[in-house]
Amino acid sequence: MGRDGFRHEALIYRDEDDFLAGTVPYLWDALEAGEAVLVVVRREKAALLQGELGAEADAIRFGDMRELGRNPARLIPLWRDFLDEHEDRVIRGIGEPLWPGRGAAEVDECERHESLVNTAFAGRRPALSLLCSYDSSAFRDEVLSAVSHSHTGVERDGEMAPSGAFEPQRDCFAGDLPDRPGREQGFEFDRTGLFDVRQRVTWAAKSAGASQQATTDLVVAASELAANSIVHGGGTGTLYVWREAGRLLVEVEDSGRIEEPLVGRVRPQPTQVGGRGLWLANQFCDLVQIRSGVAGTAVRLHMDLAG
């Protein structure tokens, strides 16, 4: 790897042996070159790598992807923190944004996250190389095919090939959110309705059996979204709240449009005034979905009721 730039490649593997064949040489190269290395995968995958690398694994920082990447919007800040810590070194990393058991909404947001990684780190100096691993036995062909849109190269069956389908400028706010249940009625609010927004979300969370902490987190996140609608979305918005598949969902719609692709994924500065709403939502919620265009903006919060 050269000293400048950003490489974002994918490894699609069949089994544990195939996973190790695609990752261990990659890590050995990094260690021999004196690069800083961060590996964020499931614990069982980390254990495989540590077993193969032996004592050399002590030079690598490992993170549990199930914990750190539960909301994929938290991953770009995680990588940025590591880059800031090693600002003068070449960086190499392995990630695993998708794992078996992720739902359809999570799969969609992980695909969007992978595209936003290219925006976040394009032209990074010194160089950054990320290898994202995907288990081919766990996902449908269309999910694996989407990998080629967000990565410049894809390794499969031991061969790394350039991706002819790579899209460097994907609009990650495009498209529509899945339909809400038809019976859900929206609550239209303006500046005078922010108290009612908080009350409605509080009542819904408590009724659903959410913990006190989860209730507080969700109310703060929803309140921030509603305030954004007042300031940036034309002064009004519409709130929807419902339960679905073990989660409580809160959605806020307004007539504004979000232009900054990395909104909610850049850590606010301590002295910054404003611009914290979507950051807080991503820190507090298990998933945040954003769709924004000429027709307006919809932001959907997911809170796992199982904790």
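1. Helices (H or I, at least four residues) and strands (E, at least two) are DSSP runs, numbered from the N terminus. With that settled, β9 and β10 form a hairpin with two residues between them, and A245 in the turn has a positive phi of about 50°.

2. A word on the ground rules. This is a predicted model, where local features need pLDDT of at least 70, side-chain atom pairs count only at pLDDT 80 or more, and totals for chains, interfaces and linings use all residues. Residues are numbered from 1 along each chain as its sequence is written, and side-chain values use heavy atoms, with hydrogens and water left out.

3. Back to β10, which has partners on two counts. β9 and β10 run antiparallel and are joined by seven bridges, with T238 standing opposite E253 in β10. Eight bridges join β10 to β12, also an antiparallel arrangement, and there V252 has V299 in β12 as its bridge partner. Seven of the eight residues of β10 are buried (under 20% relative accessible area; exposed is over 50%, partly exposed in between; 1.4 Å probe, protein chains only). That is why β10 is largely enclosed by the rest of the structure.

4. Which residues touch the most other members of the largest nonpolar core? They are F189, V201, L218, L239, V250 and L301, out of 31 residues in that core. The term stands for a set of buried Ala, Val, Leu, Ile, Met, Phe, Trp, Tyr and Cys residues joined through side-chain atoms within 4.5 Å. Elements that each supply at least two residues of this core include α7 (194-207), β9 (237-244), β10 (247-254) and β12 (296-304). The most comes from α8, with eight residues.

5. Leaving aside its neighbours within four places in sequence, V201 is in contact (heavy atoms within 4.5 Å) with L218, V219, A222, L239, V241 and V250. Apart from this core lies another one, of 20 residues, among them A36, W79, L130 and C172.

6. Now the salt bridges. Side chains of opposite charge can pair when their charged atoms come close. The rule here asks for a side-chain nitrogen of Lys or Arg within 4 Å of a carboxyl oxygen of Asp or Glu, and by it the count comes to 21 salt bridges. D64 forms one with R43, the closest N and O atoms being 3.0 Å apart. D64 lies in strand β3 (residues 61-64) and R43 in helix α2 (residues 43-53), so the pair ties together parts that are 21 residues apart in sequence.

7. R247 forms a salt bridge with E106, with 2.9 Å between the closest N and O atoms. R247 lies in β10 and E106 in helix α5, so this pair ties together parts 141 residues apart in sequence. R247 is buried, and so is E106. E251 forms a salt bridge with R300, the closest N and O atoms being 2.6 Å apart. E251 lies in β10 and R300 in β12, so the parts tied together are 49 residues apart in sequence. E251 is buried at 1% relative accessibility, and R300 is buried at 3%. Elsewhere, salt bridges that share partners join R42, E44, R66 and E96 into one network.

8. What about S150: buried or exposed? S150 is buried, with a relative accessible area of 3%, and its place is in helix α6 (residues 141-150). Leaving aside its neighbours within four places in sequence, S150 is in contact with H8, E114, S115, N118 and F166. A10 and S150 are 140 residues apart in sequence, yet 9.0 Å apart in space, C-alpha to C-alpha. The buried residues of α6 also include V143, L144 and A146, and what covers the buried residues of α6 includes β1 (6-13), α5 (104-121), β5 (128-135) and β6 (153-156).

9. Last item, the aromatics. Rings of Phe, Tyr and Trp (its six-membered ring) pair if their centres lie within 6.5 Å; planes under 30 degrees apart count as stacked, over 60 as edge-to-face and the rest as tilted. The whole structure has two aromatic pairs. The rings of F6 and F121 have centres 5.9 Å apart and planes at 55°, so the pair is tilted. F6 is in strand β1 and F121 in helix α5, 115 residues apart, which links distant parts of the chain.

Notes: Pairing = 2+ DSSP bridges.
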